[in-house]
Every structure is written in C-alpha cells, then in structure tokens.
Amino acid sequence: MSFTLQIGEQAPAFSLPATDGNTYSLGDFSEKFLVIFFTCNHCPYVIGSDENTRKIVERFQGPDVRFVAINSNSPKTYAEDSWEHMIERMEEHQFPWLYLHDASQDVAKAYGALRTPHFYVFDAERKLVYTGRAIDTPRDHSQSTTHELVDALEELLAGKPVSVPVTNPIGCNVKWDGKDAHWMPADACDLV
C-alpha cells in the first residue's frame with residue numbers, strides 16, 4: 001500500500017478547526033472540485049509560491065472549485081508553524097483560502113502528505129484526480145516553466161481527464177511530531 005493517496009481513491013474524512021474560527025469537515029464542501037493542499041507557515045517553498053497559489057485560487061475558486069489549506073506541521077519542529085502563527089499569517093496576508101489545523105497529524109497521514117506544499121484535487125465524488133505540485137519552482141514562482149495544477153483544473157473544468165495526474169510535490173517535508181526535521185516515513189517516496 002502506498003503512503004500517498006492514489007488516483008481514484010476517496011478523500012479521507014476530516015473535521016478540523018480553521019483560522020476563521022469555524023470547524024470544517026469534508027462534507028461541508030459542495031463544489032464540483034475540491035483542492036486540498038498541505039502547507040505551513042515557515043517553509044521557503046510555501047512562502048516562495050504563496051502569491052502564485054493566490055493567483056490560482058483567485059482565478060479558479062467559485063461555484064465549481066474550492067481550495068482548502070491544511071497545516072499539519074509540528075510546532076515542536078518549527079515554532080512558526082503553531083496555531084497562533086497560522087492566525088497571524090492569515091490576518092497579515094489575507095489569503096483567499098480556508099486554513100485548517102491538523103494538530104494530531106492524522107489527516108496528513110490519511111492523505112499521505114509528503115511535502116509543503118502538496119496539492120490534491122478531488123472530483124464531485126471526492127475521488128482523487130490530481131496530486132503533486134502546482135508549479136516546478138515553488139521556491140521562486142517567477143522562474144516556473146510548468147503549471148501542473150492550473151493545467152489539471154483547466155482540463156477538469158473543460159470536462160476532460162487530467163493528462164498528467166501525478167507529479168512529485170516540491171518543498172520541505174512535513175514536520176512530523178517527535179521526529180527529526182528531515183524525517184519521512186519509510187514508505188513515503190517520490191510519486192513518479
């Protein structure tokens with residue numbers, strides 16, 4: 001069994017608090033496509049690509065697409081990844097997505113999140129249709145030459161299958177509680 005969700009697999013259920021003061025579950029989202037991405041506060045790949053992600057969200061979010069970010073990083077590894085810093089970051093940057101906190105890391109394990117950022121796109125039945133990166137240079141989005149998340153969303157909204165459904169996410173590994181900052185589960189590996 002692979003560590004990361006495979007194409008066609010069902011989105012695992014969750015119920016997590018968000019920085020907006022509400023708690024959200026998978027069933028709360030009715031849009032045709034749901035983009036869930038694992039992110040954090042400190043990672044240079046996240047910080048370097050936040051504005052690119054903002055443009056993607058502003059372009060696609062609406063009645064057919066919803067974006068939900070989840071921070072599963074242990075604040076014991078990086079204090080910047082704490083709940084308090086999540087709230088501060090959203091207040092400062094006013095990102096146009098929901099930002100949920102996975103303090104137990106159970107959701108990251110269920111999805112098989114590898115890195116920050118790591119994107120998952122689910123269809124109306126909440127089956128996985130794309131997983132991986134948004135762009136090929138998240139640390140400096142101005143240098144990107146590929147735009148896999150945009151390509152996937154364009155194809156899906158046009159009623160087509162995703163031509164490249166799996167790419168390797170590029171970023172810092174998820175910071176697992178009680179583990180070295182660079183530790184990854186033994187069965188976690190590149191997707192392609």
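Hi everyone, let me start with two residues: Y111 is buried, and F122 is buried as well. Please keep in mind throughout that we are looking at a predicted model.

So, what do those two rings do? A pair of aromatic rings is described by the distance of the centres and the angle of the planes. For Y111 and F122 the centres are 5.9 Å apart and the planes stand at 85°, so we call this pair edge-to-face. If you look at where they sit, Y111 belongs to helix α3, residues 106-111, and F122 belongs to strand β7, residues 118-122, so the contact ties together parts that are 11 residues apart in sequence.

How many aromatic pairs does a search of the whole structure find? The count comes to 10. Another one of interest is Y24 with F29: the ring centres are 5.9 Å apart, but here the planes make an angle of 15°, so this pair is stacked. Both Y24 and F29 are buried. There is also a cluster, in which ring pairs link F37, F95, W97 and F119.

Next, charges over rings. Which residue puts its charged end over the ring of Y45? That is R139, and the distance to the ring centre is 5.2 Å. Over on W183, we find K179 lying above the face, 4.8 Å from the centre of the ring.

Now let me turn to the backbone, with a quick reminder. Most residues other than glycine have a negative phi, and most peptide bonds are trans.

You will find P117 in the loop between β6, residues 115-116, and β7.

Then there is Q105, a residue other than glycine whose phi is positive, near 70°. Where is Q105 on the chain? Look in the loop between β5, residues 98-101, and α3. Is Q105 buried or exposed? With a relative accessible area of 4%, Q105 is buried.

Finally, R126 also has a positive phi, near 60°, and again this is a residue other than glycine. R126 is placed in the loop between β7 and β8, the latter covering residues 128-132. Its relative accessibility is 8%, so R126 counts as buried too.

To come back to where we began: Y111 and F122 are both buried, and their rings meet edge-to-face.

Methods. Residues are numbered from 1 along each chain as its sequence is written. This is a predicted model: local features need pLDDT of at least 70, side-chain atom pairs count only at pLDDT 80 or more; totals for chains, interfaces and linings use all residues. Side-chain values use heavy atoms; hydrogens and water are left out. Rings of Phe, Tyr and Trp (its six-membered ring) pair if their centres lie within 6.5 Å; planes under 30 degrees apart count as stacked, over 60 as edge-to-face and the rest as tilted. Buried means under 20% relative accessible area, exposed over 50%, partly exposed in between (1.4 Å probe, protein chains only). Helices (H or I, at least four residues) and strands (E, at least two) are DSSP runs, numbered from the N terminus. A charge sits over a ring if NZ of Lys or CZ of Arg is within 6 Å of the ring centre and within 35 degrees of the ring normal.
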